[in-house]
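Subject: Structure handover

Hi,

Here is the structure I promised to pass on. Please load it first, then read the notes below.

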Amino acid sequence: MSQDVPVTGYAILGLLTFGDELTGYEVKQRADVTLRFYWVSPAMSQIYTELRRLTGLGLVRADARPDGGREVTTYAITDAGQQALRDWMDQTPAGFPVLKHTVLLRLLIGHASEPEQTRRMLLDYLDELERARTDLAEVREALRGADRPGEPFRFPSLVADWGLDYFAAEGRHARRALDSLEDGAPG
């Protein structure tokens, strides 16, 4: 069955494992709050495409109910969905992440631009990193108290800690590159 489900589908299944039924919009909100730090947060259309696929495969249950004059559909992971997710987690190699890092690409070909523009790009990146680090630190803090072994948000807390370390490392690398560019700046 795994060949019928892309990684984004498994990400959505994972988002549905926290014990609540969600609308497609709520799945998107949860993805935006969590996945954006380490994975591409799927577009709304992709969320609904995957929810239809997962429902068709019996991995997700869709329940329609009236809500203020309109029909709202909520989604919940099924036992088959739990098993498929477990199988994917247990049987899929970790895999090395694909790094699509526009800052590194631009730095690689920095000679094609003015040195000051490359410096500006790195300074802008440092600002973006700080905003992302601040956002993720708030998420991490919100998980405190539910992050001990056996608690429901133990694993999301580990991901948040990893992300904070990653952002710190990215900042060190960007500052090192910036310092190196300054060392070679015309005096």
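A residue counts as buried when its relative accessible area is under 20%, and as partly exposed between that and 50%. Keep that cut-off in mind for what follows. One caution: this is a predicted model.

**Aromatic pairs**

There are 4 aromatic pairs in the structure. Tyr10 and Trp88 make a stacked one, with 4.6 Å between ring centres and 5 degrees between planes. This pair ties together distant parts of the chain. Tyr10 belongs to helix H1 (residues 7–15) and Trp88 to helix H4 (residues 79–91), 78 residues apart.

Are the two partners buried or exposed? Tyr10 has a relative accessible area of 4%, so it is buried. Trp88 is at 26% relative accessibility and therefore counts as partly exposed.

Tyr166 and Phe167 also pair, and here the geometry is tilted: 5.9 Å centre to centre, 55 degrees between the planes. Tyr166 is partly exposed because its relative accessibility is 36%. Phe167 is buried, as its value is 10%. Phe37 joins in as well: ring pairs link Phe37, Tyr166 and Phe167 into a cluster.

**Helix H6**

H6 covers residues 115–142, which is 28 residues. From first C-alpha to last, H6 reaches 41 Å. That is close to the 40 Å expected at 1.5 Å a residue.

Which residues of H6 are buried? They are Thr118, Arg119, Met121, Leu122, Tyr125, Leu126, Leu129, Leu136 and Arg140. An α-helix has 3.6 residues a turn, so residues three or four places apart point the same way. Look at the buried list of H6 with that in mind. The cover over these buried residues includes helix H5 (102–108) and helix H7 (154–183).

**Asp147**

Asp147 sits in the loop between H6 and H7. Its relative accessible area is 11%, so Asp147 is buried.

What does the side chain of Asp147 meet? It makes a polar contact of 2.9 Å with the side chain of Arg140. Arg140 is one of the buried residues of H6. A polar atom of the Asp147 side chain also lies 3.4 Å from the backbone nitrogen of Gly145. Setting aside neighbours within four places in sequence, Asp147 is in contact with Arg140, Phe153, Arg154 and Ser157.

Best wishes

Note on methods
Residues numbered from 1 in each chain as written. Predicted model: local features only at pLDDT ≥ 70, side-chain atom pairs only at ≥ 80, totals over all residues. Heavy atoms only, no water. Phe/Tyr/Trp six-rings, centres within 6.5 Å; stacked < 30°, edge-to-face > 60°. Helix = DSSP H or I, 4+ residues; strand = E, 2+ residues; numbered from the N terminus. Buried < 20%, exposed > 50% of the residue type's maximum accessible area, 1.4 Å probe, protein only. Expected span 1.5 Å × (residues − 1). Contact = heavy atoms within 4.5 Å. Polar contact = N/O pair within 3.5 Å; in protein donor to acceptor, adjacent residues only side chain to side chain.
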